[in-house]
Structures are given as structure tokens and as C-alpha cells.
Amino acid sequence: MAGHVRARTGGAAARERRLTEPAAVRWVLVAIALSFLALFLVLPLAAVFVEAFDDGADAYVEAIREPDARSALLLTLTAAAIAVPLNVIFGVCAGWAIAKFDFRGKNLLTTLIDLPFAVSPVIAGMVFVLLFGRQGFLGPWLAEYDLRIVFAVPGIVLATIFVSFPFVAREIIPVMEAAGTEEEEAARVLGAGGLQTFFRVTLPNIKWGLLYGAILCSARAMGEFGAVSVVSGKIRGVTNTLPLHVEILYNEYMFQAAFAVASLLTFLAIITLVLKTIVEGRVQSG
């Protein structure tokens with residue numbers, strides 16, 4: 001009996017060795033991955049902070065306290081603060097419809113959710129200009145009521161919503177599909193209403209996927225450049241977000257100030273990455 005067990009254990013170990021790459025291959029793959037990350041991630045990030053503090057801490061603080069920089073930071077956070085909750089609502093509604101129900105046009109809705117991944121952000125910005133610009137389709141009607149969309153904050157918010165809305169839906173649809181409908185059906189049988197079922201059954205099942213999608217949506221919203229660049233008009237202190245302000249400073253050869261403002265975006269990205277890692281850990285442990 002003991003010999004039979006040892007034979008089975010030895011056979012399993014032999015199969016594991018056959019399925020595992022040699023140590024030299026593993027080290028080479030790890031070295032390639034680390035080298036790639038160092039070259040394309042660590043070095044650029046380090047360069048941002050080195051250039052940002054090139055003229056000293058006082059120059060760095062002055063650059064990020066400059067009124068246009070503070071206005072750009074505020075606008076970036078404002079656009080994200082509006083876009084993310086709206087995209088969360090859309091993502092939950094779309095995910096619930098796609099995962100829980102069968103209806104005509106379901107595949108079309110799923111395809112349209114992926115549209116911002118396929119369309120260039122610059123093209124998306126041009127579409128908003130054609131729709132809401134002064135010479136656009138709705139331009140005369142907006143001018144009649146003295147409403148400004150393009151080259152104003154509403155256009156920036158719309159562009160931000162467009163480029164970031166797939167992330168929440170794409171994260172929670174697989175979670176909802178994996179959870180199935182049995183728990184919701186049981187809750188309805190027990191007399192729970194629609195809102196009770198959502199808050200007590202559906203939401204606890206998707207909470208980590210929902211939070212993960214919201215974090216990715218926030219990162220995309222704060223870092224958007226192409227679509228916002230088209231619809232903003234790049235008015236300093238009014239319609240400039242942080243990415244646009246960095247570009248303007250760099251084009252004006254104000255390199256230290258440009259990298260100082262870029263470091264703010266880097267800090268926001270690092271915060272997003274930390275939150276993403278925490279959520280991933282909770283999902284894996286849960």
C-alpha cells in the first residue's frame with residue numbers, strides 16, 4: 001500500500017516536472033518581463049519626478065500652486081467626479097440587463113458598450129463638435145438658449161463620460177453572469193421587492209467588481225487627452241485639464257513646470273493603482 005502511494009506521488013511529481021519549464025527558461029522570462037517594466041514604466045516615472053524637482057522643491061511647489069495648474073487639477077477632478085457616478089449607474093443597468101435578461105438587441109448593446117475601445121478618442125471629440133458646436137447639428141438651438149457645450153466644461157464632461165463608460169459594465173457583466181439568477185429568484189419568491197433584491201442580493205455579489213470597474217473608470221477619466229483636447233478649446237484656467245495643461249507648458253518650453261504638473265497625474269495614477277491592488281486582493285481572498 002505504501003509503495004503504491006509512493007508510486008502515485010512520484011508519478012504526480014514527474015508530471016509536474018514535465019509541465020514546469022526549466023529553471024533557466026523561467027529566469028529568462030522573468031528577466032525579460034522585469035527589463036521591459038524597468039524600461040517602459042520605472043524609468044519614465046523616475047524621469048518625471050527627476051525633471052519635476054530639477055530646479056528645487058520651491059520651484060516645484062510654485063509650479064503646482066500656479067492658478068492655471070490648480071484650475072486644471074480642479075477641472076480634472078470635477079469631470080471625473082461627474083463621469084464616474086454616471087458610468088457606475090449606466091454600468092449597473094447595462095450589466096443587469098445583459099446578464100439577467102434575454103431581449104432583442106442584446107448582442108447589439110454588448111457591442112455598443114465596447115465602442116469607445118474601438119473608436120479613437122479624437123474622433124469621439126470631433127463627433128461632439130459636430131453635434132454641439134456652433135455650426136453643428138444642435139448648435140443653432142443651443143445658441144438660441146445661450147447654452148455652451150463645446151469649448152466649455154459640459155463638453156469636457158461629455159467627452160470624459162464617453163471614453164470611460166465601458167469599464168464598469170465590462171467588469172460587472174461577467175460577475176453577474178457567473179452569479180446567475182437563482183438568488184434573485186429566491187428573494188422574489190420570499191416576497192422581496194426589486195430594490196430589496198438589488199441592495200440585499202445583487203449588490204453584495206457584485207460589489208468588488210463594481211468597485212474595481214469604478215477605479216479603472218476613474219483612472220481613464222483623469223488621464224483622458226484626445227477627446228477632451230478636441231472639445232475643450234484649451235482655454236487656460238477655464239477648460240484645461242491636467243493632461244492639456246502639461247502639453248501647453250511643454251510646448252512653451254516650461255519643462256520643469258510641465259513635469260511638475262505631470263507629477264500630479266502620476267500621484268493620482270499611483271493612488272488608483274494602490275486602490276486597484278487592494279480590491280484585487282479582497283476579490284482573491286473572498
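Asp68 is buried, with a relative accessible area of 18%. Here buried means under 20% relative accessible area, exposed over 50%, and partly exposed in between (1.4 Å probe, protein chains only). The model is predicted, so local features need pLDDT of at least 70 and side-chain atom pairs pLDDT 80 or more, while totals for chains, interfaces and linings use all residues. Residues are numbered from 1 along each chain as its sequence is written, and side-chain values use heavy atoms, without hydrogens or water.

**View A. Arg236 and Asp68 meet in a salt bridge.** Their side chains come to 3.5 Å, N to O. Asp68 belongs to helix 4 (residues 67-100) and Arg236 to the loop between helix 13 (226-232) and helix 14 (242-251), so the bridge ties together parts that are 168 residues apart in sequence. Helices are DSSP runs (H or I, at least four residues), numbered from the N terminus. A salt bridge requires a side-chain nitrogen of Lys or Arg within 4 Å of a carboxyl oxygen of Asp or Glu. The structure holds 7 of these bridges.

**View B. Arg236 also forms a salt bridge with Glu252.** The closest N and O atoms are 2.8 Å apart. This pair links distant parts of the chain, 16 residues apart. Arg236 sits in the loop between helix 13 and helix 14, and Glu252 in the loop between helix 14 and helix 15 (255-285). Glu252 is partly exposed, at 38% relative accessibility.

**View C. Asp68, Arg236 and Glu252 are linked in a network of salt bridges.** Arg236 bridges to Asp68 and to Glu252.

**View D. Asp114 pairs with Arg170 in a salt bridge.** The side chains come to 2.9 Å, N to O. Arg170 lies in helix 10 (residues 166-179) and Asp114 in the loop between helix 5 (106-113) and helix 6 (115-118), so the bridge ties together parts that are 56 residues apart in sequence. Asp114 is partly exposed, with a relative accessible area of 27%. Arg170 is partly exposed too, at 28%.

**View E. Glu184 is a buried residue of helix 11.** The helix spans residues 182-189. Glu184 has 9% relative accessibility. The side chain's surroundings are shown with the contacts of the residue. Glu184 touches Lys100, Thr197, Val201 and Thr202, leaving aside residues up to four places away in sequence. A contact means heavy atoms within 4.5 Å.

**View F. Val42 is a partly exposed residue of helix 2.** The helix covers residues 23-52. Val42 has a relative accessible area of 48%.

Key:
Helices (H or I, at least four residues) and strands (E, at least two) are DSSP runs, numbered from the N terminus.
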